[in-house]
Amino acid sequence: MPTPSLDSLPIRRLTLRDLAACADLSEDRGWQREEHKWGFLLTAGRGYGIDDPDGGLVSACVVTDYGPQEHPALAAIGMVLVAERHARQGVGRRLMRHVVSAMGTTPLTLHATPYGRPLYEELGFKVTGRAEMVSGRFTPGGPRPVVATRAATAEDLSAILRLDEQAFGTDRTHIVTRLPAFSDQLRVAEEDGRIIGYAAAWPNMDTHVIGPLIARDTSAAQALITSLAAHTDRPLRTDIDVRHTELLAWAKERGLASVAFNSVMTYGITELPGDWSRRFAPVTVAAG
């Protein structure tokens with residue numbers, strides 16, 4: 001039998017049964033396997049992929065919707081990968097065109113590496129921001145945080161959801177309610193008994209990724225990072241909106257070094273909804 005052409009291979013929905021194949025695809029492209037993150041994304045969002053007739057996946061990506069289920073207010077695209085043996089053959093372009101078409105009029109966002117940015121620009125995405133990934137072992141020091149923090153409880157959920165929707169600009173209950181199981185830590189910042197910020201730290205290979213990080217101001221964000229760092233012996237990693245220059249400078253003083261920059265891109269909207277001044281870091285760049 002002749003080998004089917006890449007253009008004829010069907011695009012299908014991925015499920016948790018495809019978790020190992022998605023992790024294999026990450027490893028094929030030199031990424032970490034990140035099975036914990038893949039599992040989260042495949043259950044909180046929707047995966048799309050193309051099967052390789054020889055086994056595994058030719059390509060994959062995930063889409064995470066936000067807002068009303070019937071009419072999402074925003075969708076994030078992430079984990080766009082093409083197997084090395086099929087790279088530079090238009091597979092990623094075909095998969096992205098399929099996703100953009102499937103989302104109809106829903107505004108889209110993604111974090112693009114310098115390698116992927118030209119493809120997304122070709123498809124009509126525009127750069128509307130930047131995020132800087134920082135990583136390293138947190139070194140305590142400097143003035144003690146003035147904002148009180150503590151572990152989140154079930155009773156905090158409604159307040160966290162309200163704060164998150166104000167900062168993010170649309171409802172993401174399906175993400176926030178998964179954080180207690182997905183993360184190793186979920187902490188809140190308080191003032192006069194009122195929650196003014198929250199953050200999670202979730203395991204990713206040998207690091208703890210801080211995200212989401214939502215806070216009233218830089219002081220609250222610093223207090224949350226400090227408290228999360230105090231409860232782990234792993235290196236930390238997070239992706240901070242570059243407009244938060246004060247927090248980035250402080251994080252670097254505390255031992256987190258710059259690793260990479262990603263372009264925040266949008267399609268169908270000129271800027272992301274919500275309040276960027278309180279939105280310091282995403283859950284993961286793959287989910288916006």
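**Figure 1. Strand 6 and the second largest pocket.** Strand 6 contributes four residues to the lining of the second largest pocket, the most of any element. Strands are DSSP runs of E with at least two residues, helices are runs of H or I with at least four, and both are numbered from the N terminus. This is a predicted model, in which local features need pLDDT of at least 70, side-chain atom pairs count only at pLDDT 80 or more, and totals for chains, interfaces and linings use all residues. Residues are numbered from 1 along each chain as its sequence is written, and side-chain values use heavy atoms, without hydrogens and water. The pocket volume is about 380 Å³. Its lining has 25 residues, with Asp241, Arg243, Val264, Leu272 and Arg279 closest to the centre. A pocket is an open set of points on a 1 Å grid over the protein atoms alone, where a 1.4 Å probe fits, with protein on both sides within 12 Å along at least five of seven lines; lining residues have an atom within 4 Å of a point. Volume is the space filled by probe spheres set on the points, which are joined across faces, edges and corners.

**Figure 2. The largest pocket.** This pocket has a volume of about 1000 Å³. Its lining counts 37 residues, and Trp31, Val80, Leu81, Thr113 and Tyr115 lie closest to the centre. Strand 4 supplies the largest share, six residues. Helix 3 and helix 4 (117–122) are among the elements that each give at least two.

**Figure 3. Cys22 and Cys61.** The whole structure holds zero disulfides (pairs of cysteine sulfur atoms within 2.5 Å). The sulfur of Cys22 has its closest cysteine sulfur in Cys61, 9.8 Å away, so the gap is too far for a bond. Cys22 is buried at 0% relative accessibility. Cys61 is also buried, with a relative accessible area of 0%. Buried means under 20% relative accessible area, exposed over 50%, and partly exposed in between, using a 1.4 Å probe and protein chains only.

**Figure 4. Backbone at Arg88 and Met205.** Neither residue is a glycine, yet Arg88 has a positive phi of about 60° and Met205 one of about 55°. Arg88 sits in the loop between strand 4 (74–82) and helix 3 (91–102). Its relative accessibility is 65%, so Arg88 counts as exposed. Met205 lies in the loop between strand 9 (194–204) and strand 10. Met205 is partly exposed, at 43%.

**Figure 5. The cis peptide bond at Pro212.** Gly211 and Pro212 are joined by a cis peptide bond, with omega about 0°. Pro212 belongs to strand 10 (residues 207–215).
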